[in-house]
Amino acid sequence: MGKYAEAGVDVEAGYRAVELMKKHVARTTREECVGGLGGFGGAFSIKNNVSNMTSPTLVSGTDGVGTKLKIAHILDKHDTVGIDCVAMCVNDIACAGAEPLLFLDYIACGKNNPEKIEQIVAGISDGCVMAGCALVGGETAEMPGFYAENEYDLAGFSVGLIDADNMISPDDQKLGDVIVGLESSGVHSNGFSLVRKLFDIDNNPDVLNKHYDELGKTLGEELITPTRIYVKPLLEMTKKQLSKGFMHITGGGFIENLPRGIKPGLAAQITKSKVPVKPIFKLMQQVGEIEDDDIYNTFNMGIGMCVVTAPENVDEVISISEKFGDKAHVIGELVEGEKVSFL
């Protein structure tokens, strides 16, 4: 009765999971990493990073994947949600113009299945490679009786660095500045409680295998698509001083997130006809009979990141975006006001 295994925690499975994930973590290593995986803390030297900075400033971000994990559980596909986890953290950090340096993950599960944990960490490592940051550590917590055997939760934490003199600020924004939107890869990692309700996924999980012509794939394939990581184009725009504001379009959609990066007294005016609304959002709006105000206040609608820039810099912002594989569109401008408006 006194053994940990008898309480449902398999210590040996934990050891095996760590061994399986090591090769994935190795792909994310940067020269600043100190020591290896397995210590009590992940060490990362910033000596060289701050040598030319007058005011080195750390920028941190933490987030999870939310109920999108329900889709992963039903599909038994776990190799992409790690990308979502990284994206939700590093995209926020990059909005300050900061370079994400390191990432840590937290996986809580009902039963430690080493092969499943490896898939999750493989995705986290993919995301770290895309963002250029190092996976320096994490935690896998086996919690029987708290989570079902086949369920897990996933969250992450990232730290970035920037010279405060170069931090992105809306202070220089002016009337008539342009809003450029970088396309999303789909729903990303927000609004999945509503997505599940619209398609009745919890009661009818087989709907994920239904092929929709307008999507060109099954619903499950569409919904499991990982969040786009925008770090590299945002860092280049920051370096070239092209941005007056970055806004990550997450939960709350356009209406909540755009004001977060705009100077008081100015507001975003979005031209709906210029937003490349993806088929999944049109389908959801049709299925749920959702009003425009509601859906634009919940989902990204096809734009995952917005950039505020001067009119003369629009072409270069679009060129940098496309250089890194992100399609970009002029979707609006700054006008007088306090609230997001639509044309």
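## Cavity, pockets and buried strands

Me: Which residues line the largest cavity?
Reply: Cys109, Lys111, Asn113, Lys116, Ile117, Ile120, Glu149, Asn150, Glu151 and Tyr152 line the largest cavity. The model is predicted: local features need pLDDT of at least 70, side-chain atom pairs count only at pLDDT 80 or more, and totals for chains, interfaces and linings use all residues. Residues are numbered from 1 along each chain as its sequence is written, and side-chain values use heavy atoms, without hydrogens and water.

Me: What makes a set of points a cavity?
Reply: On a 1 Å grid over the protein atoms alone, a cavity is a set of points where a 1.4 Å probe fits but cannot get out, and its lining residues have an atom within 4 Å of a point. A search of the whole structure finds one cavity of 30 Å³ or more. The largest cavity has a volume of about 40 Å³, a volume being the space filled by probe spheres set on points joined across faces, edges and corners.

Me: Which helix gives the most to the lining of the largest cavity, and how is that lining divided by class?
Reply: Helix 4 (residues 114–131) gives the most, with three residues; helices (H or I, at least four residues) and strands (E, at least two) are DSSP runs, numbered from the N terminus. The lining holds four nonpolar, two polar and four charged residues. In this scheme Ala, Val, Leu, Ile, Met, Phe, Trp, Tyr, Cys and Pro are nonpolar, Asp, Glu, Lys and Arg charged, and the others, Gly among them, polar. Lys116 of the lining therefore counts as charged.

Me: What makes an open set of points a pocket?
Reply: A pocket has protein on both sides within 12 Å along at least five of seven lines. The largest pocket holds about 900 Å³ of space. Its lining comprises 35 residues, with Val18, Leu37, Gly38, Gly39 and Gly138 nearest its centre. Helix 1 (11–26), strand 1 (33–34), strand 4 (99–109) and strand 5 (134–142) are the elements that give two or more residues to this lining. The largest share, nine residues, comes from helix 1. By class, the lining of the largest pocket has 18 nonpolar, twelve polar and five charged residues.

Me: Which residues lie nearest the centre of the second largest pocket?
Reply: They are Gly97, Glu99, Ile162, Leu235 and Lys239, out of 16 lining residues. Strand 4, strand 6 (152–163) and helix 7 (231–239) each give two or more residues to the lining of the second largest pocket. Helix 7 gives the most, with four residues. The volume of the second largest pocket is about 440 Å³, and its lining divides into six nonpolar, six polar and four charged residues.

Me: Why is Asp76 called exposed?
Reply: Asp76 has a relative accessible area of 53%. Exposed means over 50%, buried under 20%, and partly exposed in between (1.4 Å probe, protein chains only). Asp76 is therefore exposed. Asp76 lies in the loop between helix 2 (68–75) and helix 3 (81–94), and has a positive phi of about 55° although it is not a glycine. Most residues other than glycine have a negative phi.

Me: What makes strand 7 mostly covered?
Reply: Six of the six residues of strand 7 (residues 178–183) are buried. Val178, Val180 and Leu182 point one way, whereas Ile179, Gly181 and Glu183 point the other way, and all are buried.

Me: How do you know that strand 7 and strand 12 pair?
Reply: Two strands pair if DSSP finds at least two bridges between them. Six bridges join strand 7 to strand 12 (residues 303–309), and the two run antiparallel; they therefore pair. Ile179 stands opposite Val308, and Val180 has Val307 as its bridge partner in strand 12. Five bridges join strand 7 to strand 13 (residues 328–336), also antiparallel, with Val180 opposite Val330.

Me: Why is strand 12 largely enclosed by the rest of the structure?
Reply: Strand 12 is largely enclosed because seven of its seven residues are buried. Four bridges join strand 12 to strand 10 (residues 245–248), which run antiparallel. Met247 has Cys306 as its bridge partner in strand 12.
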